[in-house]
Amino acid sequence: MTTDLADRYGSPSPWRRPVTIALVAALAAVGLTWLVWVAWFHGTPEVRSEVVSFEVTSDHEVAARLDVRLSDDDVDATCRLRALAEDKTAVGELAFTPVDGDNDVVIRTERRATSVEKLGCTTADQPRPR
């Protein structure tokens, strides 16, 4: 005994497939727009920074050079560096307002530091340190 599935379960509504395709296309367009925006926003930060070098100058001082790139001259950024001891304990920290290009700074420390860690630079519109 052979029965047709449409006879047994009924046929789908004729409007169902086009509406489903339109909804999927709209959601895909929204998702793609969001993806492009996120890639552009995170790919062009207002401020970027990188530690170029550091030198332990005394038991209570470390000199560091930080290369900072600002997207515009009127960007108001804040950068933070941390000096670490041999046991990886933070022994000094410095927050400063950078200029575009190399920034030579001195970090005062509690005791002898062995390395400098860049915590990053932020702006009002870029709360994630870079």
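# Sheet, disulfide, core and ring pair

Arginine 65 stands opposite aspartate 104 in strand S5. The model is predicted: local features need pLDDT of at least 70, side-chain atom pairs count only at pLDDT 80 or more, and totals for chains, interfaces and linings use all residues. Residues are numbered from 1 along each chain as its sequence is written, and side-chain values use heavy atoms, with hydrogens and water left out. Helices (H or I, at least four residues) and strands (E, at least two) are DSSP runs, numbered from the N terminus.

**The sheet**

- Three strands make an open sheet: the 3 strands follow the order S1-S2-S5, and their pairing is antiparallel. Two strands pair if DSSP finds at least two bridges between them.
- Strand S1 (47-58) and strand S5 (101-108) stand at the edges. Each has a single partner strand, so one side of each is left without a neighbour in the sheet.
- From one strand to the next, the twist averages 20°. Here, axes are lines fitted to C-alpha atoms, for helices over the stretch in contact, and angles run from 0 to 180 degrees between N-to-C directions.
- S1 and strand S2 (residues 61-70) run antiparallel, joined by 10 bridges. They form a hairpin, with 2 residues between them.
- Phenylalanine 54 stands opposite alanine 64 in S2.
- S2 and S5 also pair in the antiparallel sense, over 8 bridges.

**Serine 49**

- Serine 49 belongs to strand S1. Across from serine 49 stands valine 68 in S2.
- Serine 49 has 10% relative accessibility and counts as buried. Buried means under 20% relative accessible area, exposed means over 50%, and partly exposed lies in between (1.4 Å probe, protein chains only).
- The serine 49 side chain reaches the backbone oxygen of arginine 130 at 2.7 Å.

**The disulfide**

- There is 1 disulfide (a pair of cysteine sulfur atoms within 2.5 Å).
- Cysteine 79 and cysteine 121 form this link, with their sulfur atoms 1.9 Å apart.
- Distant parts of the chain are linked here: cysteine 79 is in strand S3 (residues 78-84), cysteine 121 is in strand S6 (residues 115-122), and the two are 42 residues apart.
- The link of cysteine 79 and cysteine 121 is right-handed, with 105° about the S-S bond.
- Both cysteine 79 and cysteine 121 are buried.

**The nonpolar core**

- The largest nonpolar core has 19 residues. Such a core is a set of buried Ala, Val, Leu, Ile, Met, Phe, Trp, Tyr and Cys residues joined through side-chain atoms within 4.5 Å.
- Leu66, Val68 and Leu81 have the most contacts inside this core.
- S2, S3, strand S4 (90-96), S5 and S6 are the elements that give two or more residues to the core.
- S2 gives the most, with 5 residues.

**The aromatic pair**

- The structure holds 1 aromatic pair. Rings of Phe, Tyr and Trp (its six-membered ring) pair if their centres lie within 6.5 Å; planes under 30 degrees apart count as stacked, over 60 as edge-to-face and the rest as tilted.
- The rings of tryptophan 37 and phenylalanine 41 have centres 5.3 Å apart and planes at 15°, so the pair is stacked.
- Tryptophan 37 and phenylalanine 41 lie 4 residues apart in helix H2 (residues 16-43), which means about one helical turn separates them.
- Tryptophan 37 is partly exposed, with a relative accessible area of 46%. Phenylalanine 41 is partly exposed at 35% relative accessibility.

How values were computed. A polar contact is a pair of N or O atoms within 3.5 Å; within protein, one must be able to donate a hydrogen and the other to accept it, and residues adjacent in sequence count only if both atoms are side-chain atoms.
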